[in-house]
Amino acid sequence: MSGVDPRSGVRRAGIVYLALLGVGTVGALLVAPHLDDPASVFAALLPTGAGAYLAWSAYRADRIEAAPVEGPGAVADRLATAVRHQWETEARVRRLEDPYPLPVAWRTAGTGPAEESGPDPSAGAPASYGLAGRGGEIDAIFTERVATRRLLVLGDPGSGKTLLLVRLVLGLIGRRQEGEPVPVLFPLASWDPAAQDLRGWMERKLVQDHAELGAAAPERYGCVTRAGMLLDQRLVLPVLDGFDELPAAVGAMALHGINEALPYGCGLVLSSRPAEYRAALRPRTGVPARLSGMAGIRLEPLGGEDVARYLLRDAGGSGTPAAGRWDPVVEVLGTDAPAARALTSPLMVSLARSVYNPRPGEGAAALPDPGELLRCPTRAAVEHHLFEAFVGAAYRPRAGRPCRWTAEQARTALRYLAVHMERGFDGAAEVAWWKLHGTVPGVLPRALAGVLLGALGWLAEGTVLEVVHHFTHDPDYDPSWPWRGGLGVLAGGLCGGLVGGVAAGLVVSVLGAAAAPSAGLTDVLLQRLADSGAVALTAVICCGFAVGSRPVFRPPSGWDRRVLLTGVVTAGLWVVAFHNACGTLSTVLYTLLACAMGLDGMPADPACPVARVRWSIGRRAVAQGVLAGVLVASVYFMEGVLTEVLGGEPGRFYVAPAEPLEAAWESWRQGALIAVACMLVQGLRTVPVDLAGSVDGRALLRNDRRTMGTCVLAAALLGAAVFGAQEWYMLTFVAPRLWHVRVTGDYAWCYAIGIMPALLMGLAAGLRQTAWGRYAVARWYLALRAKLPRDLMAFLADAHEQRGVLRRVGAVYQFRHIELQHHLADPERQFTGSTAATVPRSRCAPSPTTGPPPRHGRAGH
C-alpha cells in the first residue's frame, strides 16, 4: 500500500476540471456582449454540454470505485471507540468513581423471573451458575459464567442498576476483540412498544447518538443503514436499561417485542425492578411472555460499613471536620432507623454526599448538618428530604465556578422539563434540543418562518433593485417598493407550507401598503393580498414537487380544505382588487393544482440534527423541478394570452403581459424560478457527522446552524449562475430580436440580481432541512412562556457537567435518575423505593428536637 488515498487524485482531477470549465464559460459569456455576433459564442458553448456531462459522470463513477467499502467489523470497531469515550466521559461527569465506585453487590436471582436453562431443558445447558459477585466483577461474571450471553439485572429503585450497567459496558469494551459485538446501553424510557418495534427503535437510537451510522450500508448488506447492518450482523450487544420505566400497561407487550427482536441466541442485558418485571410476566390479559435463556441477578442493599466508609472518604477521610459531622448518622447505620434504611440505596447515598459533603474549595461550616436526617420520622421522609435538598445543593455557589442561574431559577426550569418528560409528547423521557419544537404550537414555527422570509424578501428585492437602479439608471430596475416581496412569499411557502406563505403574504402586503402613497393605500393592500395569495398557492404546488421522491395526485376527496379555502378567498380578492377575470382564472387553476398535487408544511420531526449538506440531485429531481416550472409557467402564459379576451377595459392593470412574445418570455422566467427553487430544495441533502466526532448536543447544534449557512451560500452561487445567465441571455439575445433593442452597459448586474432569489430560496431550504430554526423558536417560546433560560443549551450542559442533575446519553439529556424526574414533576409523589410506600409521608422536623435521637435496635433483632 502506498498510503495515498485513491479518492484524493479523483477529487483533485474533478475540482480542476470544474474550475477550468467554470472559468472558461464565465469568460466567454463576459466577452460575448463586446463582439459583433454574440450568438457565435453561445453556439460555441453548446457542444461543451455533452462533454461536461460525460466528464462529470466519469468523475462520479471513479469516486464511487475509489471509495473504500467499510465492512461491518470496521464500523463496529469505530462504534466501540465512540461508546467507550461516551461512557468514560459520563462516568467522570457523574463522579461514579469519585472517590471510588460504590461497592454494589448482587446474588443469583433464582428461577423466578429468570430462566436457568435454554429453550430445551433436556440439553442441560445452564444459562447461569454462581453469579453472585461484587463491584467490578460484573464483566468477568457475564463473560465467563453466563453461557447464553443473556442477563437480567433486578433491583429496587435507586439500587444502582444503571451504575452497574455502565461498569458492565466499559468492562466488556475493555475485553472486546476486533470485530466482536459492541455493548450499547439503550435507556428504554424513550421506547413506545405500541408504536415501534424494538429493532427499529434501536436503529433510530443508534443513528441519533452516532449519526454516521445513518449512512447507507454497502449494497451487499441490503438497503439498510449502517446501524441496521450492525444489528442484522449481531454486532451490537443491547444493554436495555429501565424496563420498569415503561408504562405498566405495555409491560407484556414490551417483553413480546424484546423476545421477537432478540430471540434465543442473541446477546441481551435487561435491567428492571422486580415487581414491574414480574407483573409483565403475568399480564392480566393476553398471552404471558418470557425471555428465553435469561440468567438473572438481584442487587443487594448497601451494607452499613460500606456506606459509612464511602461517605467519610468523600468528606475528606476520618478525622477531618467535614467527616466528623457524619458521626451521628454513622452510629445508626446498619440499624432499622429510617435514615439507615434510606441510605442502603446507592441513589440516596449519592444524593446525601451531594447535599452534605463539601466540594473542593468549599467549607463545611456553611453546609447543612447531616444529623437532620435523623429527625425524619420515616424512610419516605428521608428520601423526600434528600430529593428536595438536592437541587439547591447542586446550584449552591462554588469557588471558581460561578453559576449563571440561582437555585430557584434552576428548580423552575428543571420542574418544567420534568413535567415535559413525564407527559412525553414524543414518548421519550429525554430532552433533545431538536425535538423541543414539540412543546410549541405547531403553527407558530411556520408562521414565524413566513414572517421572516416575507420581510426579508420585501427588503432584499427593494434594496437590490434600488442599488441597481441607482448605478444603471435603467427604468426596468425601478424598485417600486409597494410591489416588492413576491420572492419572499414563495420562500415562505416553500419553508412553511400554506401557513408560511400566507403569513409572508400578509407581511408583504402590509409593508407594500405602507410604502404606497396614502391616496391608494387600500387599493395597493387589496392588490398585494390577491397577488400574495396566488404566490402562496404556487409555493404549495412547489412543495408537492420538491419534497419527497415523487408528487402524489390526490382525488377531490383527499383535498386539503385549507388550501381550497385560501384559493376561494384569493380568487375573490382578485375580482375585488383588479376587476378582471384573468387573475381569477389563474388563481382557480393554481388552487386546483395545489389541492391535487401540492404539499403543505415542513417535515414534522427530523430524526436527528445534521452536520453538513451535499448537492445530490438525480434525473427524477430535475424532471420534477422542470415539470413544476412548466405547470406554473403555463398558467402564467395562459393568463397573458387571455388578458385581452377576458380582461375587459384596455386600460386596466394586468399582472401577466398581454403581448404573446413578452408573455412567453415572462412565463419562461417564472417557470425557471420555480424549477430552480424545487431543485434546490430537492438537491440539498443532509449528511451525518463523523462517528469519531463528538455527539455532544451543543456540537450538533453548531453543526446544524452552520448547515443553514451552507445552504444559503450554495443556493446563492447556483442561483447567481442560473438567474444571472438567464438575464444575460435576455439582454443579449431576446431584447434585440423581439423588441429590436440593443442593450449596453455592465452585464455584471444581471448576476447581482440573480443572487437575490437564490438567497431567499437557499434560506427557505436551510430552514426546512435543518432543525436549528425550529429550536430557536422553541427556545424563545419557552423563555417567554415557561421562564426557561434563554440559553437553554448552556443550562442543560451546566446541569449535566457541573451540577450532576442531568445525565447525557448520546446527544440527549435525561435526569440522572427517573425518581428525581418523578419528584420534580410531582413533589408530592412518594419515592417508590420506600418500604413504607403505603404510609402517608411525613417531612423531617425543621429543627432539632430536645434530647438525643431515638435509638433503634439492629435490623433482624
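Visitor: How much space lies in the largest cavity?

Guide: Rolling a probe the size of a water molecule over the atoms shows where empty space is left. On a 1 Å grid over the protein atoms alone, a cavity is a set of points where a 1.4 Å probe fits but cannot get out. Points are joined across faces, edges and corners, and the volume is the space filled by probe spheres set on them. Here the largest cavity holds about 420 Å³. The model is predicted: local features need pLDDT of at least 70 and side-chain atom pairs pLDDT 80 or more, while totals for chains, interfaces and linings use all residues. Numbering runs from 1 along each chain as its sequence is written, and side-chain values use heavy atoms, without hydrogens and water.

Visitor: How many cavities of 30 Å³ or more does the structure hold?

Guide: There are 6.

Visitor: Which residues lie nearest the centre of the largest cavity?

Guide: Lining residues have an atom within 4 Å of a point. This cavity has 25 of them, with Arg94, Gly160, Thr162, Leu163 and His817 nearest the centre.

Visitor: Which helix supplies the largest share of that lining?

Guide: Helices are DSSP runs of H or I, at least four residues, numbered from the N terminus. α15 gives the largest share, 4 residues. Both α6 (161–175) and α15 (346–356) supply at least two residues.

Visitor: How do the lining residues divide into nonpolar, polar and charged?

Guide: Ala, Val, Leu, Ile, Met, Phe, Trp, Tyr, Cys and Pro count as nonpolar, Asp, Glu, Lys and Arg as charged, and the others, Gly among them, as polar. The lining has 8 nonpolar, 7 polar and 10 charged residues.

Notes: 1 Å grid on protein atoms, 1.4 Å probe; cavity = no way out; pocket = protein on both sides within 12 Å on 5 of 7 lines; lining within 4 Å.
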